[in-house]
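Student: I would like to learn how to read helix packing and sheets. Please show me the model first.

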Amino acid sequence: MRLAIDATPLLPAPTGVDVYIRSLVEHLSTDGTIGSLTLFINHEDRLSFQHLDRDGIDIRALCSRSRVTRMGFQQIYLPRLLRHERFDVLHSPSFLLPLASRAVRHVLTVHDMTFFTAPDAQSQLHRSKIFRTAVASSIHRANRIIVPSGEVRRQLLETFAGVRRESIDVIPHGIGPGFRPCRSDEVERARQALNLPPRYLLHVGGAHPRKNLPTLLAAFRQIAPEHPELRLVLAGEHSNIQADGVHPLGYVEQALLPALYAGAEALVYPSLDEGFGFPPLEAMACGTPVITSNVRALAEKLSDACLLVDPHNQVALAAAIGRILHDPALCHALRARGLERATDFTWSKAIKRTVASYHRSTE
């Protein structure tokens, strides 16, 4: 099989989609069941993939990260290249396929359906008619669609008539091996590097409206008087948040995330909607108790390994935080169940099922 992957959607500060793309590429590069792998990347990402430059892997930096240039590459140059070089499968791992090419079989990853289920919470671009039309067209034209949860498949089938259930492969993402329980000295080094407070609750994620930060901040204010030494640490871009007891870190390097998780009293992740949601599982893999929302995509994979709450209910969220802070036996049980649950989500499993999806696309 001649496989091509369009990795040009990568951003410099990794989101969940970026973690998925990079992990996909890293693990496929060592998979012996693929004949050859061609990776299309931006010029800005050349150094981060140079270690993969070996026999059977062709890395091509053919565009730059600017949105206009990437769209030009994806929609004009890439279809011509696919026709000329006769690849078997193109995997587009971030919502959009080239509009004009039928020269290869297409595999598309749809990470969530929030462009359609919650358009008001999107950026101006992502709620625009042209973008939503392009995503819809990609979904209808793909030979196989990969989604990270049964909930995304359900939403996709409800939104788009004519898409066959049999063409959708539910493939949960993996959790990298770096996410593991950390030694006390590792936690202390992260504490020094990030200037962390002695006791803190943690949220990992950006300031996107569906991350539900106003409810999290309100719940924290509710429990703060009883725990004056406790802080709320926000890892991600939250430069506009200034509040008592809140400790914004900005973007945190991946290497520091495991110890950041491990040092927290709990990860609190009251998202309004998710396709997969890396942070709760990453925290579980580090032995940290998790409080998260009871939306279907999270509940289907986390269930009894965490505390699930209604993300719209500030009082319920504050009560769940209180249970973590006051009940050591509960924390111990959540740590044990979380560690066990996290072992179900490995990249080796995800890659094996992804390669099977590639083969099904050619049938």
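Student: Is the crossing of α10 and α13 left-handed or right-handed?

Tutor: First, the general idea. A crossing is left-handed if the near helix is turned anticlockwise from the far one by less than a right angle, and right-handed if clockwise. Here, the crossing of α10 and α13 is left-handed. Helices (H or I, at least four residues) and strands (E, at least two) are DSSP runs, numbered from the N terminus.

Tutor: A word on the source. This is a predicted model, where local features need pLDDT of at least 70, side-chain atom pairs count only at pLDDT 80 or more, and totals for chains, interfaces and linings use all residues. Residues are numbered from 1 along each chain as its sequence is written, and side-chain values use heavy atoms, leaving out hydrogens and water.

Student: At what angle do α10 and α13 pack?

Tutor: Axes are lines fitted to C-alpha atoms, for helices over the stretch in contact; angles run from 0 to 180 degrees between N-to-C directions. Helix α10 (residues 278–285) packs at about 115 degrees to helix α13 (residues 328–342), and their axes lie 7 Å apart.

Student: Which residues make the contact?

Tutor: Contact means heavy atoms within 4.5 Å. From α10 come L281, M284 and A285; from α13 come G338, L339, R341 and A342.

Student: What is the order of the strands in the sheet?

Tutor: Two strands pair if DSSP finds at least two bridges between them. Six strands form this open sheet, ordered β10-β9-β8-β11-β12-β13, with parallel pairing. β10 (246–250) and β13 (307–309) are at the edges with a single partner strand each, so one side of each has no neighbour in the sheet. From one strand to the next, the twist averages 25 degrees.

Student: How many bridges join β9 to β10?

Tutor: Four bridges join strand β9 (residues 230–235) to β10. V233 has H247 in β10 as its bridge partner.
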